[in-house]
Amino acid sequence: MECCDNIYDKIQELLGSIPGNVTILEEQIDADIQTEYYEYSKNIGKSFDRDKVLKEKENIFLSDIDEGQKKQMLAQLACIDSVEAYRTLERYIENKETGLKDWATLAFKESRLLIESKLLDENQVLISTGLGGKGLRLRYYTVLLSEGQKPFTVFEQETIKKELEYSLRKYGGEPEKINFDRELCSVLTIIPLQAPVQRLFDEIVAECNQYGNFLNSEYIITNVRVFSNQEIREMINQ
């Protein structure tokens, strides 16, 4: 079982108290792209000519600028705490003809938080995961497994659906997608930041098993990405 611990508690542990200034990245952006962007942004720092970047900001819209240059320009604009830089990034992601959408989205979010931090005179916290979220709720991908790798019956499928909807609602969450494939039940859910995710799914498994112990007590849960059924079965076999 890959368990996503309560991120809300992790923030409290790191910052000393739960901040009211938390933003969750809603877009689903590959975790590798996010890692690359944040490492790149960190290394850029402020070691560039701010005025030159702002003067040449329209160059990001040129089609003959290579990807490496464009990445650098987007990341530099994100490091400048000005409305001019923010609006440029906003126009970029709204333009359907431009590329590097994920990279630009991360730059835009960073720019907005930088400006908000300056205006409010307090640090803003951005939580970003591969699966994104909504408001102050994170998206999780969970795979429930049948006991003995037996295909789920219609009764078992209906039981899982009802219990998922009931338990998620109790914690302020909701199911977005539920899919069955023989012995696998994959679920995409939106769950509040402060909800105890592992406890929630432990309760779902326990409640379902009152009707015949058909669910394995182990399950897969992640907020990084969605796996294919083939990948899931390979993980189980390993």
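Student: Which cysteine sulfur is closest to the sulfur of Cys185, and how far away is it?
Tutor: In this predicted model, the closest cysteine sulfur to that of Cys185 belongs to Cys208, and the two sulfur atoms are 8.6 Å apart, which is too far for a bond.

Student: Is Cys185 buried or exposed, and what about Cys79?
Tutor: Cys185 is buried, with a relative accessible area of 0%, and Cys79 is buried too, although its relative accessible area is 14%.

Student: Let's zoom out: how many helices and strands does the chain have, and what share of residues is buried?
Tutor: The chain has nine helices and seven strands, and buried residues account for 45% of its 238 residues. As for the surface, the accessible area of the chain is about 12900 Å², with 46% of that belonging to carbon and sulfur atoms.

Student: Changing topic, how much space is in the largest pocket, and which residues lie nearest its centre?
Tutor: The largest pocket holds about 230 Å³ of space, and of the 14 residues that line it, Lys52, Glu56, Gln72, Met73 and Gln76 lie nearest the centre. Two or more lining residues come from each of helix H3 (50–55) and helix H4 (67–78), with H4 giving the largest share, namely five residues.

Student: What is the lining like by class?
Tutor: The lining of the largest pocket is made up of six nonpolar, four polar and four charged residues.

Student: One for the backbone: where is Arg182, and what is its phi?
Tutor: Arg182 sits in the loop between strand S5 (174–181) and strand S6 (184–192), and its phi is near 55 degrees, a positive value in a residue other than glycine. Most residues other than glycine have a negative phi.

Student: What about Asn213, where is that, and is it buried or exposed?
Tutor: Asn213 lies in the loop between helix H8 (197–208) and strand S7 (215–222), and its phi, near 50 degrees, is likewise positive in a residue other than glycine. Asn213 counts as exposed because its relative accessibility is 54%, and the cut-off for exposed is over 50%.

Terms used. Residues numbered from 1 in each chain as written. Predicted model: local features only at pLDDT ≥ 70, side-chain atom pairs only at ≥ 80, totals over all residues. Heavy atoms only, no water. Helix = DSSP H or I, 4+ residues; strand = E, 2+ residues; numbered from the N terminus. Buried < 20%, exposed > 50% of the residue type's maximum accessible area, 1.4 Å probe, protein only. Areas by Shrake-Rupley, 256 points an atom, 1.4 Å probe, with all protein chains shown as cover. Disulfide = S-S within 2.5 Å. 1 Å grid on protein atoms, 1.4 Å probe; cavity = no way out; pocket = protein on both sides within 12 Å on 5 of 7 lines; lining within 4 Å. Points joined across faces, edges and corners; volume = space filled by probe spheres on them. Nonpolar A, V, L, I, M, F, W, Y, C, P; charged D, E, K, R; others polar.
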